[in-house]
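Subject: The model I promised you

Hi! Here is the structure for you to open on your side. Have a look around first, then read my notes below.

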Amino acid sequence: MRSDTGKLSLILLMTPFALWIVLLIILPQAGIGYVSLQEKVGPRQYEFGFKNYMDFLGEPIYWNTLLRTAWMSILVTILALLIGFPVAYYIAKIAKKQSRAGLFLLCLIPLWVSDLVRAFGWIVLLRETGIISGALQWLGIIGEPVELLYNDMTVIIGLVYTVVLFMIVPLVSTLDGMDDALLEAGYNLGGSRFTVFRRIIVPYAMPGIVSGCIITFMLTAGSYLTPILLGGKNSSWFTEQIYNQFITRYNWEAGATFGVLLLLFTSFVVWAGLRLTGQSLATTVAKE
Amino acid sequence: MYDLESKSVTKRFGSFTAVDSVSFGVPSGSFFSILGPSGCGKTTLMRMIAGFENPSEGDILIKDRSVLNDAPNKRNVKMVFQHLALFPMMNVGENIAYGLRCRGDAKSSIGDKVKAVLDRVGLPGVEEKQVSQLSGGQKQRIAIARCMVLEPDVLLLDEPLGALDLKLREHMKIELKQLQHQFETTFLYITHDQSEALVMSDNVAVMNAGRFEQIGSPKELYDRPVSGFVAGFVGDANRWAGRIDRVSDGMARVQLEGGDVVVATSEGAGDGSSVEVFVRPEVIKIGAGPEGSTLSGKVDSLLFNGANSRVLVKTPSGKLVEVADPSGASTLAEGDEVQIHWDPKRALAFPGEAA
């Protein structure tokens, strides 16, 4: 009887999860994988083959865009880590217990506004007739309006801003679990600030760093709105290519191929990152 | 010569005085304990010695040199933390080597030193183990080895036995004492457990509300406490509140609450002052004695605990008196009428907090 209720609750709990995984992730991915292997030989005539992938490799602009997207995403991830770590450390270790929740909430505020509105916020600030350009002119630092939008720097700033929260959250939760005595022991045994940081804080926070980096990298590489709005035509973001293939050119086969490639490539980058830092996915999910 | 000396060290947090003008010296190579209830300021005192807090007033000297201006990582005082604070992301060998590497020892010598210190704490060959693979007692020894490998002037221990279970704690008490002998290093041990302090220490300071009440050998504290707090905190004692009738030759006649009259050794308390009388259970014998150090009552219950067995005697005025019954072999039964007596010299009266 008891084990029956146990089983029932397990099934009830797992069903939505399984449905979600199967219907929204596995099935569409399988579908996209299938479509990407269709070669168009004539109107409504398809054959099975790798021609779409060959087309991708044969066109430098495609794989250059993918590489560029990956590099810029890595850069965004590193910047988000550099900015997010001190913030997370402050929230978890330095701030008083009472103010911690408030600070954490402050980090969440940007999420209450939609991506689109936030991107437009940047546009209002940075465009030629925008606030910053106007302010600089008013101060007499520049003579004529400057266009701060539509370059890589702006795209990176915008992306870091969008994803940094997803770096901070896992970092705060790992650092929060760190006993202050570990730091004191680190100093007591003769470690300098830098040694304690390098040999105790960073290794301890590694699971949080890795999961934060994976989340931010995946979000960045898969983002669409921010690079398009802030980078304009120059952004050459890979998701834009996918969008173009699907919507503009109505070439679902190529779009699906790009989608599969983006997934494979970002997975590869994550795998390589884990290998380079000597971490495994399991340690990032379950500590100890 | 003192390895560690504290000169009227005071620490205030806002208007609260955590440590109030504490002075003491720890002779080289001795085991010194600070014993006190939680919140008495003993951890604050230790943190000041380690350098994690700065004293508001006073001076701390290590090997006759003031260390107030030294950062924690520059003081040759190592600390075993309450929860040991072994680094979970390093294995045992790396944990021990950490301090050596911070000090900049040659790579080639580090391995040998780690091996040697592990031998000395009786855990040879565990370098490659993860901290989580060790038992509580082993972790304890690694935490000590991690400090001792650096040959500190003073080793601070902050209630390191608190997290262990009773059996292991008893065992580790003896082991810690042996380790201290073996390393011949000065140990400063902080605890709220009086038996730990008594068993291991050469000298014990009893701390209460930021002040040292008494410093002395365990035996002195036990036999000749200078205050009611020390008498009550160190060892077991029967404790009766009363009022002094009259003092003669250092012996006070005390009228206890409930009507009994006892004679007790008293220093400094005058006629009419309210006092507390302390009598240790092992001082009390079954049977009648002279007037003033005899009570009669009824056996309330027999508490068997091996060598620590007790007989609880209830007096007509309702006091429960603990009487030691070392062998647990008394022929008394519950409800028996008994008389109990003790040597009046070993009944101590101290000014009471409230009577």
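**What I found**

A:Tyr150 is partly exposed, as 17 other C-beta atoms lie within 10 Å. On the cut-offs: buried needs 20 or more other C-beta atoms within 10 Å of a residue's own, exposed means 12 or fewer, partly exposed is in between, and the C-beta atoms are placed from the backbone. A:Tyr150 also has a positive phi of about 60° although it is not a glycine. You will find A:Tyr150 in the loop between helix H6 (131-139) and helix H7 (152-176) of chain A. Helices (H or I, at least four residues) and strands (E, at least two) are DSSP runs, numbered from the N terminus.

Before you go on, note that this is a predicted model: local features need pLDDT of at least 70, side-chain atom pairs count only at pLDDT 80 or more, and totals for chains, interfaces and linings use all residues. Residues are numbered from 1 along each chain as its sequence is written, while chains are lettered from A and ligands numbered from 1 in the order in which they are written.

B:Lys63 sits in the loop between strand S4 (57-62) and strand S5 (65-66) of chain B, and counts as partly exposed with 15 C-beta neighbours inside 10 Å.

**Chain B as a whole**

Chain B has eight helices and 20 strands, and 40% of its 355 residues count as buried. Its C-alpha atoms fill a box of roughly 75 × 45 × 35 Å, taken along the principal axes. The average pLDDT of chain B (the predictor's confidence in each residue, from 0 to 100) is 88, and 99% of the residues score at least 70. For the complex, the predictor gives an ipTM of 0.81 and a pTM of 0.80.

How far apart are the end C-alpha atoms of helix H4 (residues 136-148) of chain B? They are 18 Å apart, which agrees with the 18 Å that its 13 residues should span at 1.5 Å a residue (the expected span is 1.5 Å times one less than the number of residues). H4(B) is mostly covered, with ten of its 13 residues buried; among them are B:Ile142, B:Ile144 and B:Met148.

**Where the chains meet**

The contact takes 19 residues from chain B and 17 residues from chain A; two residues are in contact if their C-beta atoms, placed from the backbone, lie within 7 Å. On the side of chain B that touches chain A, the largest share, four residues, comes from H2(B). That side divides into twelve nonpolar, four polar and three charged residues. Here Ala, Val, Leu, Ile, Met, Phe, Trp, Tyr, Cys and Pro count as nonpolar, Asp, Glu, Lys and Arg as charged, and the others, Gly among them, as polar.

Happy browsing!
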